[in-house]
Number of protein chains: 2
Amino acid sequence: MLRPQNGFETLTTPALVLDAAKMERNINRLNAHATNLGVTLRPHLKTAKSVEIAKQLTGGINGPITVSTLAEAETFHRAGHTDILYAVGIAPQKLPRVQALRAQGCDLVVILDNTAQATAVADAGVPALIEIDCDGHRGGVLCDDPTLIDIGNILAAKGVLRGVMTHAGESYTVRGNDAHAKFAELERSATVRAAENLRAAGLPCPVVSVGSTPTAHAAQDLTGVTELRAGVYMFFDLVMAGIDVCQIDDIALSVLTTVIGHQPAKGWVMVDAGWMATSRDRGTAHQDVDQGYGIVCYAQGQVIPDLIVSSANQEHGILSLRPQSDKPMPDLPVGTLLRILPNHACATAAQHDRYSVVPADGGALQTWHRFGGW
Amino acid sequence: MLRPQNGFETLTTPALVLDAAKMERNINRLNAHATNLGVTLRPHLKTAKSVEIAKQLTGGINGPITVSTLAEAETFHRAGHTDILYAVGIAPQKLPRVQALRAQGCDLVVILDNTAQATAVADAGVPALIEIDCDGHRGGVLCDDPTLIDIGNILAAKGVLRGVMTHAGESYTVRGNDAHAKFAELERSATVRAAENLRAAGLPCPVVSVGSTPTAHAAQDLTGVTELRAGVYMFFDLVMAGIDVCQIDDIALSVLTTVIGHQPAKGWVMVDAGWMATSRDRGTAHQDVDQGYGIVCYAQGQVIPDLIVSSANQEHGILSLRPQSDKPMPDLPVGTLLRILPNHACATAAQHDRYSVVPADGGALQTWHRFGGW
């Protein structure tokens with residue numbers, strides 16, 4: 001019987017566990033890569049939603065960050081961050097909250113991709129980046145679409161055109177560094193071309209912002225780009241491991257759970273972590289290896305060969321060996337603590353209101369608050 | 001242009017909206033059915049997680065409820081509920097919290113399906129129901145398994161055997177009242193048989209508890225059963241509508257969202273509700289009609305023909321017409337408020353910390369707190 005990680009027995013399961021040493025390694029990796037590329041890293045905090053993690057990501061300074069909600073912008077501004085990009089297309093109704101934050105000294109910048117938004121934003125005097133569509137993933141204008149210049153003119157007339165940005169969400173659908181590097185070049189070429197088009201029209205474009213976790217790690221040359229964004233890189237997850245952005249051993253986030261029963265005839269072990277603890281995300285379902293609702297580890301973190309969460313109800317998880325496994329089912333008595341590596345850290349973390357942090361120095365568990373909402 | 005529901009313009013989108021009139025109708029429907037069947041209804045609060053909704057479900061008395069977490073048990077006990085079933089197999093480590101609630105006067109009962117749990121529960125002096133497996137869905141002992149009597153003996157020796165319970169989770173996989181009625185009879189026959197086996201062994205079995213939302217509505221005869229449980233019936237959702245437990249018009253829960261852009265060449269409308277607001281649940285994916293991440297309605301609630309949330313990122317939803325639709329895409333300018341009916345109310349509600357309630361009398365919006373955690 002393996003000894004549980006110190007302090008886990010004090011937690012109510014399911015609980016979200018963060019391995020600070022792995023997180024630190026992941027943060028250092030992308031920081032070093034951004035430095036080599038000569039761009040500013042603007043971490044996206046939509047996944048972490050934690051003031052403590054924001055500090056680690058920005059090296060203790062109140063440096064540039066990206067957010068996905070105004071609740072994040074407000075919370076991180078209260079924590080001292082003053083340079084914030086809100087990277088979801090702005091709804092005009094949200095502009096009063098943006099203006100209120102700006103009036104408090106926060107340089108909050110919004111994004112948009114159409115003239116209706118641009119008119120509202122220009123009237124509100126809020127700086128904006130124009131979202132560029134580099135890969136057909138969701139929003140954005142094409143870099144050669146004349147609408148780009150229309151939007152630029154509307155913003156520039158009120159002095160609020162800050163630049164352009166893009167996100168290659170399709171990079172998640174391909175595997176391997178070479179494939180991700182091609183999407184990184186798509187992000188770079190589309191935004192640099194858009195910036196050139198704006199400048200050729202006599203408009204300013206100081207900021208050229210790109211990024212997604214796969215492309216940020218794979219980018220080889222970001223000439224013309226001023227800043228890089230990424231969100232899940234501090235934690236990583238099975239989706240990122242499944243496309244070779246990280247190794248399983250890099251995953252810093254897991255769900256602690258307790259064995260509550262067995263169905264031996266079916267080869268099932270029942271645990272008290274269901275989809276309420278892991279989320280309903282099945283992001284590995286269409287990857288080369290379907291990880292169910294997650295890979296199962298002993299409490300200290302060693303992966304149990306071929307054991308996955310094969311099914312999940314609200315507060316129940318069912319563990320079983322992969323269909324073709326020749327591995328034995330280990331003895332996991334009622335009361336055994338286990339850890340589940342998540343498919344998608346953004347979705348799993350969102351199910352919890354705190355991180356139980358295993359410090360890098362091996363000291364006592366710490367609790368870091370995690371917030372949600374809009 | 002349709003006038004938005006009064007007060008929606010004061011909400012930050014995405015927001016969880018609850019139609020109190022529809023909820024009341026849904027509650028009355030199952031209350032009347034339980035009365036006709038001659039059983040006590042013990043509502044499951046795992047979906048609602050709201051003190052206000054608990055009051056509505058129990059008719060203002062502090063009547064019997066079911067919960068899925070000890071956080072629910074503690075919160076509802078503080079709100080006055082004293083008869084609570086915690087319907088997830090007990091982890092022995094959680095017994096001190098159960099004992100603490102019982103010491104405060106809460107008749108909190110746990111469930112279990114193995115002798116290891118039974119020994120821990122008996123030693124702790126905590127009353128328990130034995131979980132019966134009626135359909136192979138997840139946990140439970142078979143009604144004729146000798147283990148049932150072993151467990152019964154362990155519990156009865158300490159005077160904590162309360163009875164048996166089951167949940168036909170497989171009833172969600174079939175469609176129509178007749179199919180659900182067969183699962184209701186499976187629940188009834190398995191638990192009544194288990195109760196008879198316990199009694200034949202000289203053991204007490206006062207409680208015989210069954211239920212799931214589909215079987216609760218379809219049950220025709222519950223002879224031998226003492227209580228009925230159901231969880232999602234106050235809200236309903238597209239999964240329940242897809243198996244004919246309710247109509248689309250009965251769904252009381254929706255996500256309010258704002259249009260933020262368009263990709264006309266693709267037939268896409270972009271909104272500010274992504275999976276963070278709807279959850280990642282794709283429960284209709286394997287039903288006869290795949291509803292994507294939800295059906296789209298105007299702000300007042302009328303369904304927009306064939307418009308669904310076809311794709312979702314963290315804070316972005318993409319609306320498009322169903323593939324074979326011959327309906328026109330309506331004009332939905334930037335800033336338009338819409339509502340999304342969810343696949344799975346349990347998962348969608350869990351993404352939010354409050355209900356914005358449209359009162360049955362049509363008065364001003366109310367805010368009801370919703371809690372989470374374990």
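**Exercise 1. Is B:Ser279 buried or exposed, and what is its phi?**

Step 1. This is a predicted model. Take the accessibility: B:Ser279 has a relative accessible area of 3%.
Step 2. The cut-off for buried is under 20%. B:Ser279 is therefore buried.
Step 3. Turn to the backbone. Phi of B:Ser279 is near 80°, a positive value in a residue other than glycine.
Step 4. B:Ser279 sits in the loop between α10 (275-278) and β12 (295-298) of chain B.

**Exercise 2. Locate B:Phe236 and describe its backbone and its burial.**

Step 1. B:Phe236 belongs to the loop between β9 and α9 of chain B.
Step 2. Its phi is positive, about 60°, although B:Phe236 is not a glycine.
Step 3. The relative accessibility of B:Phe236 is 0%, so the residue counts as buried.

**Exercise 3. Classify the ring pair of B:Phe235 and B:Tyr355, then the pair of A:Phe235 and A:Tyr355.**

Step 1. Count the pairs. Over all chains, the structure holds 4 aromatic pairs.
Step 2. Begin with chain A. The centres of A:Phe235 and A:Tyr355 are 5.7 Å apart, and 45° lies between the planes. This pair is tilted.
Step 3. Find the partners. A:Phe235 is in the loop between β9 (227-230) and α9 (238-242) of chain A, while A:Tyr355 is in strand β16 (residues 354-358) of chain A.
Step 4. Check burial in chain A. Both A:Phe235 and A:Tyr355 are buried.
Step 5. Move to chain B. The ring centres of B:Phe235 and B:Tyr355 are 5.7 Å apart, with planes at 50°. Planes under 30 degrees apart would be stacked, and over 60 edge-to-face. The chain B pair is therefore tilted.
Step 6. Check burial in chain B. B:Phe235 counts as buried at 0% relative accessibility. B:Tyr355 counts as buried at 0% too.

**Exercise 4. Which strands pair with β1(B), and in which sense?**

Step 1. Strand β1 (residues 15-19) of chain B and strand β10 (residues 253-263) of chain B pair in the antiparallel sense, over 4 bridges. B:Leu16 stands opposite B:Val255 there.
Step 2. β16(B) is a parallel partner, joined to β1(B) by 3 bridges. Here B:Val17 faces B:Ser356.
Step 3. Look at the covering. In a regular strand the side chains alternate between the two faces of the sheet. In β1(B), B:Ala15, B:Val17 and B:Asp19 are on one side, with B:Leu16 and B:Leu18 on the other. All are buried, and both faces are covered.
Step 4. B:Pro14 is in the segment before β1 of chain B. A cis peptide bond joins B:Thr13 to B:Pro14, with omega about -5°.
Step 5. Turn to chain A. The peptide bond from A:Thr13 to A:Pro14 is cis, with omega near 0°. A:Pro14 is in the segment before β1 (15-19) of chain A.

**Exercise 5. Trace the strand order of the open sheet in chain B.**

Step 1. The sheet has 8 strands in the order β2-β9-β8-β7-β6-β5-β4-β3, with parallel pairing.
Step 2. From one strand to the next the twist averages 30°.
Step 3. Zoom in. β4 (residues 83-89) and β5 (residues 107-112) of chain B pair over 5 bridges in the parallel sense. B:Ile84 stands opposite B:Leu108 in β5(B).
Step 4. α5 (residues 115-124) of chain B lies across β4, β5 and β6 (128-131) of chain B, at about 160° to β5(B).

**Exercise 6. At what angle do α5(B) and α6(B) pack?**

Step 1. α5(B) and helix α6 (residues 146-157) of chain B pack at about 10°, with axes 9 Å apart.
Step 2. Angles under 35 degrees count as roughly parallel. These two helices, α5(B) and α6(B), are therefore roughly parallel.
Step 3. Residues of α5(B) in the contact include B:Val121 and B:Ala122; among those of α6(B) are B:Ile151 and B:Ile154.
Step 4. By class, this contact of α5(B) with α6(B) has 6 nonpolar, 3 polar and 1 charged residues.

How values were computed
Residues numbered from 1 in each chain as written. Chains lettered and ligands numbered in written order. Predicted model: local features only at pLDDT ≥ 70, side-chain atom pairs only at ≥ 80, totals over all residues. Heavy atoms only, no water. Pairing = 2+ DSSP bridges. Axes fitted to C-alpha atoms, helices over the stretch in contact; angles between N-to-C directions. Contact = heavy atoms within 4.5 Å. Parallel < 35°, antiparallel > 145°, perpendicular 65-115°, else oblique. Nonpolar A, V, L, I, M, F, W, Y, C, P; charged D, E, K, R; others polar. Phe/Tyr/Trp six-rings, centres within 6.5 Å; stacked < 30°, edge-to-face > 60°. Buried < 20%, exposed > 50% of the residue type's maximum accessible area, 1.4 Å probe, protein only.
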